[in-house]
Amino acid sequence: MAVFLMVCWSAADAAQPKLAKEQILNIAFDAGDLKTLDPHQAASTNDRSAVDPVHNGLVRYPPGDQVKLEPDLATSWKVSSDKKVWTFSLRKGVYFHPFPGFPKGYELTAEDVVYSLTRAADPKRSSYAGEYTGISVEAVNPYTVKITIDKPVSEPLFLAKFASYAGGFIVSKKAIETKGDEWIKINPVGTGPFMFDSYEPRQKIVLKANPKYFRGAPILKQVVIRFMPAVASREFGLRTGELHIIEGLKEDKWAETVASFPDVVVKTFGPCESQVLHFNMAKPPFNDVRVRKAFSYAVSREEVAAFMGKGLAVPIYSPAQAPPAPGALTKEEAQKAGVIYESNIAEAKKLLAEAGYPDGLKTEVIISEMASSYQKPMIAIQAQVKKAGIDMALKVVDHSSFHSLIRDDASPIVYYASWRPNVDVFLTRFYHSDSVVKTGKKPDTNFTHYGAVDADGDGNVDSIDDLITKARWELDASKQAAIWREAQIQLLKHAAVVPIIRLKYNFPMKSYVDLGHPLEFSWATYSPQITEKTRILAK
Amino acid sequence: MFSYVVRRILQSIPILLIVLTLVFIVVRVLPGDPAVAALGDYASKEAVNALREKMGLNAPLWRQYLQFIGDIGRGDLGTSIITGYPVAKQVAAVLPHTLLLTISAIILGYLIGVPLGISAAVRRNSFVDYFNRVFSLLGLSVPAFYLGILLILLFSIKIPLFPVVGAGEFANLKDLLRHLFLPALTLGLLMTAYITRMSRSSILNILGEDYVRTAHAKGVAENRVLYKHVLRNALIPIVALGGLYTVVLIGSSVMVEIVFSRPGLGTLLVGAIKQRDYTTLQSVMIIYTVIVVLINLLTDLIYGLVDPRIKYD
């Protein structure tokens, strides 16, 4: 019997892949430095990749998944019959990472959750405050938290606010109260599988394993996140094996070349940034719906996708989130509603002539220096619309300047690549009248001025504000999605925007890195998520 | 000499002040909001405004300027407006790497460049001369970043001898030198090109002097003429212009640091520009200015040492 057991044990052991001796994972990002590791403010890809493994939320999207929610710091939750009061039971025995004054950390309680969510709702301390309006949080006992919302929302919209992402991250009350908000910008304290270890400005962040992690101690001993803005340097580092994972260019040809290197696999995954072309409807010539429709007919999103590379770019038809996000408009739905504007140069020319531009028109558009997200697709679009007589000059500026200028309403067209956690946020921030750049009540990223101008030329201001509000408070998820689709169809009928493509993320990595989960989607980080299961296998 | 040094340092104060003012204006003329750069496009307007207030960017420009000059006067480089990390600490962490890289490149440049220059001048219009001239022309024409990439392809990818990421640790000398070799060679070859050309033309000038001809006529041995009469005099412009080329080298080190992902003033500078990190950007520019002023001063002093005809009043 003993011999049999030993044989079984050895067989099971042999089936396990061998681990590399050194479990230190090196990742390099296209970045000059970190901006902040405060989870309630971190927004860039590299910052999020460091924030994510350090923190948890009440609930989480399992690594690699984008739809299903599962318990994280909360073990369970229940909701009142009026859907206004949500009660979360917290996991016991979860410890914050050590920090000065607390060399062993301390146990997470409801107080930390209340503190974190109240902080997430504070516009001075959080970039995501708007999403927590009308929400109050209180501790019922050390392991129970009650969250009350003024107006109930559907479960997917509600739980998303408390997932391990952005404002949903739970921070250490004691760390921030004793060390301050500035301190945690480069010294984050959370409960995640990895603890912050050190930071070298413009060089790297080092995270180390948290042996007390409640899902089990991580296999990796360290994660080194490097800032390497030169793509050639990242590529060389990957080839020599000094780097295990690198942020790649969102270009098919480049990905193909890198994939041909020994021991390298290229992973492409979502969430994809939706690239949408927004017309400034407050100024001529794009205040005329016929000109916008002409432009829409002149563009072929399929050609843009092919130009970018079929492995990375997918044509989209939704002016908000791209499918499979709930409520995102699919090609079939857009086709049925007659708002696809299939490429048709003759129709484009006809519409331009009707609008008083029989010889075409000239325009100058400000675009960002970022090649994959802005320059390349706009170069393709520039060539397409030229055929219809639209002479679109591209003024390339650096990325920071681009963000300032477009918020200053300086460009007649804004080509914008973005990802937002749900359709509600997308519609609110890009198309609600309050969000109109410069002149809205809460100026944000409504570059089209939709909701503040007459979009179809009938003399009345057109808006989807009511639809956005109605959908937000709709508790039935399928009805909510239907209202979102209705709003998107209206935007497209008025040709306020042209959805172009969604572009996948592209991270080449060493074939002997096992992430520990499938990589179809990375909710929290835009980069492969590093968890307690991630490991480096022997070559 | 002491009074000369003091006077030169005092003379550099107006230069520094002009540079400070120019840097202050230029970084603020650039479009782009540091608060948006820090928080990303997803941040709400309130969050951006709150951060701008915290960064002190909502204060009038004149107040920001006075604050900036006052801080610099007190030797306070401030903190990064993006991360809040002290700029002095950032500079202290990277400056040794930039200095190490630049000094290694200068040493390499002189070690390779002077013998090449001598051999080219002594064997003028021979194959050696042509080869050395083409070699130095190539060194001047090939951009440092391109040369760096070629060296990486050869010595890190094809023949995996040297690492390509980072600069190693000062505590581990072997590691430090392995990381230093390729970047130093990249910059060193650039310096070699300058020094080779300069040495050649300087030696050729001296070779035509009467006292050299006299030495030859007296039957002094060829090597003795070369080392005692020619090189000594040819050294003066080589040292003097070497200082100027060192300044060029510091400029080129920016790209080399980026290609080799090394910590350094260059990576600090480029990162600060991208993030619109005004305080770091201003401080790095000041450090560069101080380095250039110091190199010029040092060059003048060395000039006096190698040429006894020069006296400091």
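How far apart do the C-alpha centres of domain 1 of chain B and domain 2 of chain B lie?

Analyst: Happy to. One thing to keep in mind is that this is a predicted model. As for your question, the C-alpha centres of domain 1 and domain 2 of chain B are 38 Å apart. The domain assignment puts domain 1 of chain B at residues 32-76 and domain 2 of chain B at 87-306.

Let's see how those two domains meet. Six residues of domain 1 of chain B are in contact with six residues of domain 2 of chain B. On the domain 1 side, helix 2 and helix 4 (61-73) of chain B each give at least two of the touching residues. Sorted by class, that side of domain 1 of chain B has four nonpolar residues, one polar and one charged.

Now step back to the whole chain. Along the principal axes, the C-alpha atoms of chain B fill a box of roughly 85 × 55 × 35 Å. Of the 313 residues in chain B, 39% are buried. And if you take the contacts in chain B with a separation of 6 or more, 71% of them join residues 24 or more positions apart.

Next, zoom in on helix 3 of chain B, which covers residues 45-55. Its buried residues include Ala47(B), Val48(B), Ala50(B) and Leu51(B). Looking down the axis of helix 3 of chain B, you'd find the buried residues within an arc of 165°, so they line one face of the helix.

Two packed helices are described by the angle between their axes and the distance between the axes. For helix 10 and helix 11 of chain B, the axes come within 7 Å and cross at roughly 85°. An angle of 65 to 115 degrees counts as roughly perpendicular, and therefore helix 10 and helix 11 of chain B are roughly perpendicular to each other. Where they meet, helix 10 of chain B brings Ser253(B), Val254(B), Glu257(B) and Ile258(B), while helix 11 of chain B brings Gly266(B), Thr267(B), Leu269(B) and Val270(B). By class, the residues of this contact are four nonpolar, three polar and one charged.

Several of these helices turn up again where chain B touches chain A. That contact takes 41 residues from chain B and 42 residues from chain A. Helix 2 (34-39), helix 3, helix 5 (87-122), helix 7 (144-158), helix 10 (222-259) and helix 11 (265-275) of chain B each supply at least two residues of the chain B side. The largest share of that side, six residues, comes from helix 11 of chain B. The side of chain B that touches chain A has 24 nonpolar, 11 polar and six charged residues.

Technical notes
Residues are numbered from 1 along each chain as its sequence is written. Chains are lettered from A and ligands numbered from 1 in the order in which they are written. This is a predicted model: local features need pLDDT of at least 70, side-chain atom pairs count only at pLDDT 80 or more; totals for chains, interfaces and linings use all residues. Two residues are in contact if their C-beta atoms, placed from the backbone, lie within 7 Å. Helices (H or I, at least four residues) and strands (E, at least two) are DSSP runs, numbered from the N terminus. Ala, Val, Leu, Ile, Met, Phe, Trp, Tyr, Cys and Pro count as nonpolar, Asp, Glu, Lys and Arg as charged, and the others, Gly among them, as polar. A residue is buried if 20 or more other C-beta atoms lie within 10 Å of its own, exposed if 12 or fewer, and partly exposed in between; C-beta atoms are placed from the backbone. Domain bounds come from an automatic or database domain assignment. The arc is that of the directions from the helix axis to the C-beta atoms. Axes are lines fitted to C-alpha atoms, for helices over the stretch in contact, and angles run from 0 to 180 degrees between N-to-C directions. Angles under 35 degrees count as roughly parallel, over 145 as roughly antiparallel, 65 to 115 as roughly perpendicular and the rest as oblique.
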